[in-house]
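Grab a viewer and work through them in order.

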Amino acid sequence: MTFSLVARCAETGMFGMAISSSSPAVAARCAFARAGVGAVASQNVTDPSLGPMALDLMESGLSAADAIAEVQARGKFIEYRQVLAVDRNGATAIHSGPNSLGIWTQAQGDNVASGGNLLANDGICQAIVDGFVGASGHIGDRLIAAMRAGLAAGGEAGPVHSAGMKIVDKVSWPVADLRCDWTEDCPIEAIATAWDVYKPQLEAYVQRALDPREAPSYGVPGDE
């Protein structure tokens, strides 16, 4: 029902995650990231509380592996959950409970981890990892490439309807938080289109928050 990745950019220190599902508004429940700390996906019969829990544990100094071990110890009905984490050093860890749905699998690489359930085949998550590792450019570009690779490898057992991408950098809020909560078309391509529009403006939105006197205008009504 879901496939995702969490990732760190080794060059910039940005964290990001991307996710897609047949369920509506998947990113609203499953996507978590914190600047300077890491990124987490909590999915499969989702418990959204596990995302902030894992981030808090990593912010306290635990590695991704130790944080996931604590999530396994503290989480309720953990046998139903799938939780992915990447930490500030690029180390990754994954918990996939034995009651994960359908064909489920996971894969890890340098600065990236992927997990999924109710998949079309057991190669999807490795394709996602390979897609991220093999891509270049902004972490957002690489996240999109990874999700497209997962979809091309077969994606879910059925059609996906929602997707999201979250990116954090040096500020306390996400510098990008793009979602498609429901579509009969491809939600991953909807996110990709939104990213093409948003990417050139990302730094300007950060600058507007930090010091609007130096922020550029984009010529929209009221934006002088």
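Before you start, a definition: angles under 35 degrees count as roughly parallel, over 145 as roughly antiparallel, 65 to 115 as roughly perpendicular, and the rest as oblique. This is a predicted model, where local features need pLDDT of at least 70 and side-chain atom pairs pLDDT 80 or more, while totals for chains, interfaces and linings use all residues. Residues are numbered from 1 along each chain as its sequence is written, and side-chain values use heavy atoms, leaving out hydrogens and water.

**Exercise 1.** Work out how α5 and α6 are oriented to each other.

Step 1: get the angle. α5 and α6 pack at about 160 degrees, and their axes are 10 Å apart (axes are lines fitted to C-alpha atoms, for helices over the stretch in contact, with angles from 0 to 180 degrees between N-to-C directions).

Step 2: apply the cut-offs. The two helices, α5 and α6, are therefore roughly antiparallel.

Step 3: find who touches whom, with contact meaning heavy atoms within 4.5 Å. From α5 come Gly 140, Asp 141, Ile 144, Met 147, Arg 148 and Leu 151, and from α6 come Ile 188, Glu 189, Ile 191, Ala 192 and Trp 195. Sorted by class, that's seven nonpolar, one polar and three charged (Ala, Val, Leu, Ile, Met, Phe, Trp, Tyr, Cys and Pro are nonpolar, Asp, Glu, Lys and Arg charged, the others, Gly among them, polar).

**Exercise 2.** Find the largest cavity and say what lines it.

Step 1: recall the term. On a 1 Å grid over the protein atoms alone, a cavity is a set of points where a 1.4 Å probe fits but cannot get out, and lining residues have an atom within 4 Å of a point.

Step 2: a search of the whole structure gives one cavity of 30 Å³ or more, and the largest has a volume of about 60 Å³ (the space filled by probe spheres set on the points).

Step 3: its lining includes Ala 18, Leu 143, Ile 144, Met 147, Met 165 and Ile 188. β2 (15–21), α5, β9 (162–168) and α6 (187–198) each give two or more residues. The lining has nine nonpolar, one polar and no charged residues.

Key
1 Å grid on protein atoms, 1.4 Å probe; cavity = no way out; pocket = protein on both sides within 12 Å on 5 of 7 lines; lining within 4 Å. Helix = DSSP H or I, 4+ residues; strand = E, 2+ residues; numbered from the N terminus.
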